[in-house]
Amino acid sequence: MPLPAMLRVSIVLQRYILARVKRRKTSSNPLVLHGRHFGWTVFALCNYPALLTAGILQLEELQDSPIEDYPAEVFMELIDSYPGLLARLTDGEEEDIIHVGELLGDDTKTLKSAVLEWLMPRGQPPIPPLSQNIKLDHGFNHKVTGRLLCPTGLEWSNAETKQSLKSSETAVCGDQWPIFLYTGYDYDPDDPWKGLLRSEILIFGFKHVFTSPSSVDKEPKATRSGNAYMHGMKSVTKGSLAYIAMQIRFSLSSSSVFSRTDTVMDSENFYHSILDLLEDPDEIEEVADLMTWWTCRVFPNSSSLQHSISKNSALL
């Protein structure tokens, strides 16, 4: 017989904390794999144990308070995304909830080295060289990564601007978007949508995470070992685009440890600011064009592309 909900939730949270401390190897568990993919593609920066706890209590009518600070639809979308998940959360083993709580996979380690290969034309290392293991010389401490991270409202070519960013005298908030988000790393203040979220480094990062690292230099195709193939992903989602932008931004920075609550990187604000734009009803046409463009680039054979794209289309 299932334990009372409040007692089960308390036990679950205790076990979740212990599991995190012991770093259990559960990466092959289907719930872990699905949970991570959900975080990558729908909503990454969330306290999922708290979300699951509040969601279960609400479903069992034990409280009427909001689910954390996140949209209630995130919990319901998670439930709907995995057949039988609701029953497993409410009546199953506590371990199931722990597994689902392991949502956000860590791509920072692999991207940290991969990004360095995308900064310059093939065969041309950045000068001075960038360390692959230590990030102290990254971010605004290096002319290449600094230029890519420089907010669009500032001029990296200005010596005072460089020094101010390097010394942290000028703090960069998450909603001050970096130039690497734009095609050709060029921002047009008269046309803010021009090239936005269509840069080469974003495409490389997306392929690296979702269709496999080996697909970066090849024709767009989801390999059998890639996350997209394993989870039946056939189109680029708003959440996945925001996630990759956040990961690339962190990889370029001098920060050594990723944290959504890091006030220096302000990653949570950055992630949400991109999602807010992509969810803005006033930007629906531009966003639709953007998402179609991305799906054409990454999943050209996807059935989600309802119509054929002309050879001279701007989407290609």
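The exercises below treat aromatic pairs, charges over rings, a salt bridge and a pocket.

This is a predicted model, in which local features need pLDDT of at least 70, side-chain atom pairs count only at pLDDT 80 or more, and totals for chains, interfaces and linings use all residues. Residues are numbered from 1 along each chain as its sequence is written, and side-chain values use heavy atoms, with hydrogens and water left out.

**Exercise 1.** Classify the aromatic pair of phenylalanine 250 and phenylalanine 258, and state how accessible each residue is.

*Solution.* 
1. Rings of Phe, Tyr and Trp (its six-membered ring) pair if their centres lie within 6.5 Å; planes under 30 degrees apart count as stacked, over 60 as edge-to-face and the rest as tilted.
2. The structure holds 7 aromatic pairs. In one of them, phenylalanine 250 and phenylalanine 258 lie 5.4 Å apart, centre to centre, with 90 degrees between the planes, and the pair is therefore edge-to-face.
3. Buried means under 20% relative accessible area, exposed over 50%, and partly exposed in between (1.4 Å probe, protein chains only).
4. Phenylalanine 250, at 4%, is buried, whereas phenylalanine 258, at 21%, is partly exposed.
5. Ring pairs also link Phe206, Phe210, Trp293 and Trp294 into a cluster.

**Exercise 2.** Which residues lie over the faces of phenylalanine 250 and phenylalanine 270?

*Solution.* 
1. A charge sits over a ring if NZ of Lys or CZ of Arg is within 6 Å of the ring centre and within 35 degrees of the ring normal.
2. Over phenylalanine 250 lies lysine 135, 3.9 Å from the ring centre.
3. Over phenylalanine 270 lies arginine 249, 4.6 Å from the ring centre.

**Exercise 3.** Identify the salt bridge and locate its partners.

*Solution.* 
1. A salt bridge is a side-chain nitrogen of Lys or Arg within 4 Å of a carboxyl oxygen of Asp or Glu, and the structure holds 1.
2. Glutamate 279 pairs with lysine 238, with the closest N and O atoms 3.7 Å apart.
3. The pair links distant parts of the chain, 41 residues apart: glutamate 279 belongs to helix α13 (residues 267-279) and lysine 238 to helix α12 (residues 238-252). Helices (H or I, at least four residues) are DSSP runs, numbered from the N terminus.
4. Lysine 238 is partly exposed, at 28% relative accessibility.

**Exercise 4.** Which helix supplies the largest share of the lining of the second largest pocket?

*Solution.* 
1. α7 (108-118) and α10 (200-210) each supply at least two lining residues.
2. The largest share, 5 residues, comes from α7.
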